[in-house]
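Trainee: Please take a close look at the loops of this model and at what their residues do there.

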Amino acid sequence: MKAIILSAGSGSRLGDLTKELPKSLVDVNGKPIIQRQIETFRNNGIKEIIVIVGPNKEKFQLNDVEYVIDKNFHEHEQLGSLMKASKHFQNDIIISFGDVIVDNNIMKQVVESTYDIGVAIDLKWEKNYENRTQHPGSQADLALIKSNKLTKIKKNLDFVENHQLGEFLGIMKLSDIGSKKFLDAFDRLNSLHEGKFHDASSFQKSYLTDMIQELIDQGEEITPIFVHGKWCEIDTLQDLENARKKFN
């Protein structure tokens with residue numbers, strides 16, 4: 001099993017902290033975000049780690065990781081950046097946003113899941129948005145779930161009767177079969193798709209959630225990995241302060 005960390009974003013909402021520093025290198029109580037991620041992966045038996053880097057890539061000085069340089073980070077969004085590491089889509093892989101910290105318990109639940117395409121979901125997500133004024137719940141990546149399958153994933157989702165509603169943590173796991181399905185769908189869309197793509201203005205400007213929704217629409221089974229534990233996303237200065245309270 002291997003892990004891919006998306007760390008080519010600019011992190012502009014953290015202001016001066018990320019003017020010349022990649023967001024995933026921001027310090028949380030003496031450790032950069034990405035170091036905490038790597039330690040959690042290794043604590044769960046994942047040794048092969050790929051880090052996708054973009055602006056200020058020279059600031060990364062991590063040991064025992066493989067770097068993939070996204071030279072065109074300004075031309076595309078999250079999904080395009082992830083595909084710079086497409087050669088690593090073999091066997092079991094875990095994909096993680098570069099601004100998410102989870103505890104070992106959550107990562108263990110993800111690692112031990114056996115779905116072809118699984119996404120980490122927190123059903124108790126609303127508690128994470130109490131007093132989170134700089135990043136309100138309307139900005140959460142939410143998923144509707146029915147009969148243990150995702151039916152929709154996007155921001156500003158309302159609860160639907162006979163469904164569950166949870167937040168996507170920004171972590172997903174693909175089996176070898178799931179990896180092939182993901183790549184095949186991407187290659188087909190990259191060649192043929194024109195115009196708006198789900199919540200994105202174009203396929204080139206799409207996010208991972210747009211691709212997950214596309215797989216759902218194509219009839220692929222996307223399964224929630226219901227997780228329980230401590231986690232946070234760091235998008236604003238307020239989020240950073242919260243992370244420093246949660247993670248020693």
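Mentor: Asn162 sits in the loop between strand 10 (149–154) and strand 11 (164–174); strands (E, at least two residues) and helices (H or I, at least four) are DSSP runs, numbered from the N terminus. This is a predicted model, in which local features need pLDDT of at least 70 and side-chain atom pairs count only at pLDDT 80 or more, while totals for chains, interfaces and linings use all residues. Residues are numbered from 1 along each chain as its sequence is written, and side-chain values use heavy atoms, leaving out hydrogens and water.

Although Asn162 is not a glycine, its phi is positive, about 70°. With a relative accessible area of 61%, Asn162 is exposed (over 50%; buried is under 20% and partly exposed lies in between, with a 1.4 Å probe and protein chains only). Asn131, likewise not a glycine, has a positive phi of about 60°. Its place is the loop between strand 8 (117–122) and strand 9 (142–146), and at 70% relative accessibility Asn131 counts as exposed.

Phe203 lies in the loop between helix 4 and helix 5 (208–217), and its partner Phe186 in helix 4 (residues 176–192), so the pair ties together parts that are 17 residues apart in sequence. The ring centres of Phe186 and Phe203 are 5.3 Å apart and the planes stand at 40°, so the pair is tilted (Phe, Tyr and Trp rings, the six-membered one for Trp, pair with centres within 6.5 Å; planes under 30 degrees apart are stacked, over 60 edge-to-face, and the rest tilted). Both Phe186 and Phe203 are buried, and together with Phe197 they form one aromatic cluster.
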